[in-house]
Amino acid sequence: MAYKYPDAVIIVFCKAPIPNQVKTRLFPVLSPEQACDIHIELSLKTLQLTTQAKLCPVQLWCAPTIEHDFFSDAANIYPVTLWQQQGNDLGERMLYAFCTALKTHTRALLIGCDCPSLTHPDLEEALTTLQQGSDVVLAPAEDGGYVLIGMTQTHSALFTNMSWGTAQVLEQTRAQIKALGLRHHELKPQWDIDTPVDLARYLLI
């Protein structure tokens, strides 16, 4: 396949759609099965977003294992390769994915599967920003985290001792970027789907 940025890669983190293990913060507004359906819908939208424009290769990083039928089905539908997430927490898993991806690519973006506000232009802005000299690119989330991070080489400090899942992650990451003296760029603020309020916003799109 011909890509616009063949030296880059997009890493998509995705959990297997197992009821009671995904989108649990949407309970009790949704049942476990309904929350699982939303997770599947968002995941498929993310795969469509990342592959449709043929910007660069896409890697689907799977949890808790690569064996779930959802992942093999996705790889049959979309031009993605499957990879196993590894690590004890989100930071370790993200760092491992970046270390792996940057062995064979000059820059990498990592996103999750629950940000419906991300667009093709956002992804391209992130890729070109890294190409033009930024060390790190972030897409801030309205809840105090971020929905995208990209880099040209791994910086373990950005994934260590972070308060994952809290409103402090973005500021902690910015502080580490500054401490390391890295050049960084931020995309426009985004929003993801974690709570019933977020879900209501999504359903209005």
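Analyst: Leaving out residues up to four places away in sequence, L138 touches Y146, L148, I149, L170, T173, I177, H184, H185, E186 and L187, where contact means heavy atoms within 4.5 Å. The model is a predicted one, in which local features need pLDDT of at least 70 and side-chain atom pairs count only at pLDDT 80 or more, whereas totals for chains, interfaces and linings use all residues. Residues are numbered from 1 along each chain as its sequence is written, and side-chain values use heavy atoms, without hydrogens or water.

L138 belongs to strand β5; helices (H or I, at least four residues) and strands (E, at least two) are DSSP runs numbered from the N terminus. L138 counts as buried because its relative accessibility is 0%; buried means under 20% relative accessible area, exposed over 50%, and partly exposed in between, with a 1.4 Å probe and protein chains only. The C-alpha atom of L138 lies 9.1 Å from that of K188, although 50 residues separate the two along the chain.

Strand β5 (136–140) is also among the elements against which the buried residues of α4 pack, together with β1 (8–15), α1 (32–52), β4 (107–111), β6 (146–151) and β7 (184–186). The buried residues of α4 are D122, L123, A126, L127, T128, T129 and L130. Helix α4 comprises residues 120–131 and reaches 17 Å from its first C-alpha to its last, close to the 16 Å expected; the expected span is 1.5 Å times one less than the number of residues. G133, which follows α4, has a positive phi near 125°.

E186 forms a salt bridge with R174, with the closest N and O atoms 2.8 Å apart; the term denotes a side-chain nitrogen of Lys or Arg within 4 Å of a carboxyl oxygen of Asp or Glu. This pair links distant parts of the chain, E186 in strand β7 and R174 in helix α5, 12 residues apart. R174 also meets E171 in a salt bridge of 2.4 Å, N to O. E171 and R174 are about one helical turn apart, because they are 3 residues apart in helix α5 (residues 169–180). In contrast to the buried L138, E186 is partly exposed at 25% relative accessibility, as are R174 at 26% and E171 at 47%.
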